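Thanks for coming. I will walk through one structure today, starting with charges and ending with the backbone.

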Amino acid sequence: MAKQSSFFSSISRLYPHVRPILPRLVMGLLCALLASVMALAIPQVLRVLVNESLAPGGSPDAVWGASLVVLGLGIAEAGLVALRRQFVINPATTVETRMRVSLYGHLQDLTVSFHDRWGSGQLLSRAMTDLNFLRRWMAFGAIMLVVTTLTVVIGVAVMFSMSWQLALIFLAAAVPIMVYGFRFRTRFSKVARRSQDQAGDLATTVEESVHGIRVLKAFGRSREALENFNEQAEELRQTEIAKAKHLATFSLVVTLLPELALGAGLVVGILLVSSGQLSIGSLVAFFATAAVVAAPVEFCGMLLAMALTAKSAVDRHFEVMDAENTITGPDRPRRPAELKGALSFRNATFAFEDAPDKPILKDITLDIRPGETMALIGITGSGKSALLQLVPRLYDVTGGSILIDGVDVREFDVEDLRTLVAVAFEDTTLFSSSVRDNVLLGTAGQDKDRDAALEEALDVAQAHFAYSLPDGVDTLIGEEGLSLSGGQRQRIALARAIAAKPAVLVLDDPLSALDVNTEELVEGRLRHVLADTTTLIVAHRPSTVALADRVALLEEGRITAVGTHAELLAKNSHYRYVIASLDPEPRDLDSELSALEDHSEEISR
């Protein structure tokens, strides 16, 4: 459950971001305040006009003079409002952009375990919707809330100077408004936070459905997905209705009570005028001032709602920003003088944060020699993928250590470590960019060197199809590369790992979606390219095992045997069982799903 905090303690966390633009915000506040003063000055002109210029014997020319003064005050008010916008809009958008960039940078630094716990839609809503709302609140809501408060205070003071009896009647209406305002704040804060969280969940559902549209279509689950989305959307609608009801009730109170006070004040004011205790001009000015004050009072409901929603947005933003990055480098990182690429596991143990007492890897001890290719096999759920992700510190060991050339990976700078280690996952992730940008993601150097690395990587991965795309290697491949088949995406991902030219290459069954002939070609080129690269590869098929110099058998989170394929096949019964259970034939699942979808459409026609 989110930690509750006061409004001011939450909003005060914006100060470091707002401090550079504070002078311009203050100038905007002064402009808005002066505009309100101009509005309050108009009733005083009317008071003078009624009491003096319109009295018997008054000069008609004074009416024109008063009209010009009112016109001048109106023009000044409009000019100050425009000036306020000029002062605050640009710096507010600057703060929004900086906070958004800071949030994105922090998300890049946070651990994989953090992203395992958080839905992408929740993070998206915090980065976009919440910060957009904060910008609008800083540029308008916060300033107008201060100005509205000061306008009411100044207006009431002016009203007291004209008639304390009428001012007391008007002020009496403020007491129930303040009492109800406290209850409104508590209720609205809860429902506003619930609305923002539900909007984040809804965004997550949309994103998952879009990314998994082929699966939903292939299995005919579109209707079920729609029903689930409709339920979530309805929950959000009900929450928004609850918000609107709270705000409508509050608006009713802050509108009705001042109007009733003005009605009662009108009766009392006429009696005061008839008894000679109040002039007609003062009565006119009082009600003109009351009209100026009543507008901000009625407006305060929306401003208070904006302020409470801004508080929730700040809390949601700092929920992410306060998350600690537990995978960091030391103050004085180390790097071997001559990098060879020896990879060693020393009693390495790992458990997820939410189940620390249930380690999935236990006392892993394994040595991979420089330039050696080690295959890692085991039944499903034995911890193979988790072991691979420990090497580049996507997760950290919870016990023991992992060493490269005798140096604990935790003693490297994290960025340096991930330059030394390249990874290709079984579930390929490509970005909405060109083939070139995806393959060269982990490379550096001159353009000429990068072009050579691109050509070699595509050749090794047998990704020559990239040259036949509409714009060659500069073709945009769409979100997550879904315009490509599974085998094509996997070859691009493999090329990306190869192009980085790492000292240690970690491959999580990178050939699972390739056909037999392509797999054979890739393996032949990999043997040559990996000759000087230490490689740890998860194998799900016998053909991948054949690529390795040695094989490590992972059983229930422990390494139970290490040797060549022939040695383990002859001596270890569990190894023979695992080998027998491996897929003999690679499958391009995306192509199969597309074919199934096409077949379903033909049947429906």
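How many salt bridges does the count come to? The count comes to 23 salt bridges. Before I go into some of them, please keep in mind that this is a predicted model.

Let me take a pair in a helix to begin with. Helix α4 covers residues 61-109, and both Arg-100 and Glu-96 lie in it. Their side chains meet in a salt bridge, with 3.0 Å from N to O. In general, an α-helix has 3.6 residues a turn, so residues three or four places apart point the same way. Glu-96 has 8%, so it counts as buried. The cut-off between those two classes is 20%.

Another pair sits in helix α11, residues 280-321. Asp-315 is buried, because its relative accessible area is 16%. Lys-311 is buried as well, at 9% relative accessibility.

One more pair: the side chains of Arg-410 and Asp-408 form a salt bridge at 2.9 Å, N to O. Arg-410 is partly exposed, with a relative accessible area of 30%. Asp-408 has 12% relative accessibility and therefore counts as buried.

Which residues are linked in a network of salt bridges? The network joins Arg-126, Asp-130, Arg-193, Asp-197, Arg-316 and Glu-319.

Now to the surface, still with charges. Asp-201, Glu-227, Glu-231 and Glu-235 gather there in a patch of negative charge. Which helix gives the largest share of this patch? That is helix α10, residues 222-274, with three residues. Glu-227 is found in α10. With a relative accessible area of 45%, Glu-227 is partly exposed.

There is also a nonpolar patch on the surface. Tyr-15, Leu-22, Val-26, Met-27 and Leu-30 make it up, and together they have about 410 Å² of accessible area. Helix α3, residues 22-53, contributes the most, with four residues. Tyr-15 has its place in helix α2, which runs over residues 15-18. The relative accessibility of Tyr-15 is 43%, so it counts as partly exposed.

From the surface I turn to buried residues. Helix α7 spans residues 164-172, and its buried residues are Leu-166, Ala-167 and Phe-170. Where do they fall, seen down the axis of α7? They fall within an arc of 100°, so they line one face of the helix.

Another buried residue is Val-460, which has 0% relative accessibility. Val-460 lies in helix α15, residues 447-460. Consider Val-460 together with Leu-494, a residue 34 places away along the chain. Their C-alpha atoms are separated by 8.8 Å.

Last, the backbone. As background, most residues other than glycine have a negative phi. Which values does the model give for Asn-347 and Asp-363? Phi of Asn-347 is near 50°, a positive value in a residue that is not glycine. Asp-363 also has a positive phi, of about 50°, and is not a glycine either.

Where are they placed? Asn-347 is found in strand β1, residues 343-350. Asp-363 is in strand β2, residues 361-368. Asn-347 counts as partly exposed, because its relative accessibility is 43%. Asp-363 is partly exposed too, at 42%.

To recap, the count is 23 salt bridges, and six named residues, from Arg-126 to Glu-319, are linked in a network of them. The surface has a negative patch that includes Glu-227 and a nonpolar patch that includes Tyr-15. The buried residues of α7 line one face of that helix. Asn-347 has a positive phi, and so does Asp-363. That is what I have for today.

Terms used:
Residues numbered from 1 in each chain as written. Predicted model: local features only at pLDDT ≥ 70, side-chain atom pairs only at ≥ 80, totals over all residues. Heavy atoms only, no water. Buried < 20%, exposed > 50% of the residue type's maximum accessible area, 1.4 Å probe, protein only. Helix = DSSP H or I, 4+ residues; strand = E, 2+ residues; numbered from the N terminus. Arc of directions from axis to C-beta. Patch = residues over 30% accessible without salt bridge, like charges linked within 9 Å, V, L, I, M, F, W, Y side chains within 5 Å. Areas by Shrake-Rupley, 256 points an atom, 1.4 Å probe, with all protein chains shown as cover. Salt bridge = Lys/Arg side-chain N within 4 Å of Asp/Glu carboxyl O. Lys, Arg positive; Asp, Glu negative; His and termini not counted. Charge placed at Lys NZ, Arg CZ, Asp CG, Glu CD.
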